[in-house]
Amino acid sequence: QVQLMESGGGLVQPGGSLKLSCVASGRVVSTYDMAWYRQAARKERELVATIAYGGSTNYLDSVKGRFTISRDNAKNSVYLQMNRLEPDDTAVYYCKANILARDPWARNDYWGQGTQVTVSS
């Protein structure tokens, strides 16, 4: 079994910052592409940022210059530093990782359960 666990969400005022963390645990052999998604109320889930194993990144246009995705391959972890937060950033944030697991050996996408980020004064 493989589990992804997010942390770091919460309530923050507009203009504030939060850092989300996501760690993969269990029968993890290696992690490949990792990403953060978000889903606001009554909206579809959208891709926020991605990071490849080698570190190349991509961002949703609306978060460029404000959010930074990073990873620690030794810890099977991915992070999302969110600065200058806006009310429109309010959503449940999910991490996704492409993981090679053992017993049985297989490579699949895994999702975390999500962490709520609320930006409000």
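Y37 is buried, with a relative accessible area of 16%; buried here means under 20% relative accessible area, exposed over 50%, and partly exposed in between, using a 1.4 Å probe and protein chains only. The model is a predicted one, where local features need pLDDT of at least 70, side-chain atom pairs count only at pLDDT 80 or more, and totals for chains, interfaces and linings use all residues. Residues are numbered from 1 along each chain as its sequence is written, and side-chain values use heavy atoms, leaving out hydrogens and water.

Back to Y37 and its ring. The count of aromatic pairs comes to one, where rings of Phe, Tyr and Trp (its six-membered ring) pair if their centres lie within 6.5 Å, with planes under 30 degrees apart called stacked, over 60 edge-to-face and the rest tilted. The partner is W111: the ring centres sit 4.8 Å apart and the planes meet at 55°, so this pair is tilted. Y37 belongs to strand β4 and W111 to strand β10 (residues 106-111), so the pair links distant parts of the chain, 74 residues apart. Strands here are DSSP runs (E, at least two residues), numbered from the N terminus. W111 is partly exposed, at 37% relative accessible area.

Now for the cysteines. There is one disulfide, meaning a pair of cysteine sulfur atoms within 2.5 Å. C22 and C95 make it, with their sulfur atoms 1.9 Å apart. The torsion about their S-S bond is about 45°, so the disulfide is right-handed. C22 lies in strand β3 (residues 18-26) and C95 in strand β9 (residues 91-101), so the bond ties together parts that are 73 residues apart in sequence.

| Residue | Relative accessible area | Class |
|---|---|---|
| C22 | 2% | buried |
| C95 | 1% | buried |
| T31 | 1% | buried |
| Y37 | 16% | buried |
| W111 | 37% | partly exposed |

T31 has its place in strand β4 (residues 28-39). Its side chain makes a polar contact with the side chain of R71, at 3.1 Å; such a contact is a pair of N or O atoms within 3.5 Å, and within protein one must be able to donate a hydrogen and the other to accept it, while residues adjacent in sequence count only if both atoms are side-chain atoms. Leaving aside residues up to four places away in sequence, T31 touches Y53, R71, N73, N76, N98 and I99, contact meaning heavy atoms within 4.5 Å.

R71 leads on to β7. β7 and strand β8 (residues 77-82) pair in the antiparallel sense over six bridges; two strands pair if DSSP finds at least two bridges between them. In β8, the bridge partner of R71 is V78, and that of S70 is Y79. The two strands form a hairpin with four residues between them, and N76 in the turn has a positive phi of about 50°.

Stepping back to the sheet, β7 and β8 belong to an open one of four strands, ordered β1-β3-β8-β7 with antiparallel pairing. Its edge strands are β1 (2-7) and β7 (67-72), each pairing on one side only.
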